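Student: I would like to know how the terms used for a structure are tied to its values. Can we go through some of them?

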Amino acid sequence: MKEVAVLPPPGPDEVQQTLAGRTAEIEARVREAYARTMEPSFRAGLAVVAVGGFGRGELFPHSDIDLLLLAESDKVVPPRENISAFLQGLWDSGLRPSHSVHSVADCVIEHDDNAEFTISLLDRRLLAGDATLYQTLEDKFKQFQARRGQAMARAIAGLAEGRRAKYQNTIYHLEPNVKETPGACAICRPRVGC
């Protein structure tokens, strides 16, 4: 019988390097699609923001690409045709974009029916577009966090408890859901919407 070499598992540095490399590759593709489809029409008043795991720079293989199209106001939202062309370019390059379109004002209010959106904003980075607009979001979101941080913490805890209850609060499943069940990996456990 032929002996099979068993490789040691990758170390934390190798994992971080892999995630950083994938994130950088995807960022470049998103920026290229934005420059081709959105930037010619929207020099100001629009930004593309990475949120969630992509915002943290921890984009795992096969993850969707969480993007926020940040508009200055509800009156400056890009037409559907522009958004569709931008997203189509990402789909055509093999990515799975998951996007939302919100104004700055909409990002700094509580969404009882969509707490995941507010939680995703905890990890955010500007990818392309209006840097001044993004800085406005940064400033206003920090104020929002200072005011509503405790409520956000309760929402995160409630979502985690609900997800775990869905799996009977046990790690003893034949095929556990690594992200959703108790005992999830250290990266996913403290956050929602990785």
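Tutor: Start with a definition: exposed means over 50% relative accessible area, buried under 20%, and partly exposed in between (1.4 Å probe, protein chains only). This is a predicted model, in which local features need pLDDT of at least 70, side-chain atom pairs count only at pLDDT 80 or more, and totals for chains, interfaces and linings use all residues. Residues are numbered from 1 along each chain as its sequence is written, and side-chain values use heavy atoms, with hydrogens and water left out.

Student: Which residues of helix 3 are called exposed?

Tutor: R80, E81 and D92 are exposed. Helices (H or I, at least four residues) and strands (E, at least two) are DSSP runs, numbered from the N terminus.

Student: What makes the span of helix 3 agree with its number of residues?

Tutor: The expected span is 1.5 Å times one less than the number of residues. For the 13 residues of helix 3 (residues 80–92) that gives 18 Å, and the end C-alpha atoms are 18 Å apart, so the two agree.

Student: Which residues of helix 3 are buried?

Tutor: N82, I83, F86, L87, G89 and L90 are buried. They fall within an arc of 150 degrees seen down the axis of helix 3, so they line one face. The arc is that of the directions from the helix axis to the C-beta atoms.

Student: What makes strand 3 and strand 4 edge strands?

Tutor: Two strands pair if DSSP finds at least two bridges between them. Four strands form an open sheet in the order 3-2-1-4. Strand 3 and strand 4 (124–129) each pair on one side only, as edge strands.
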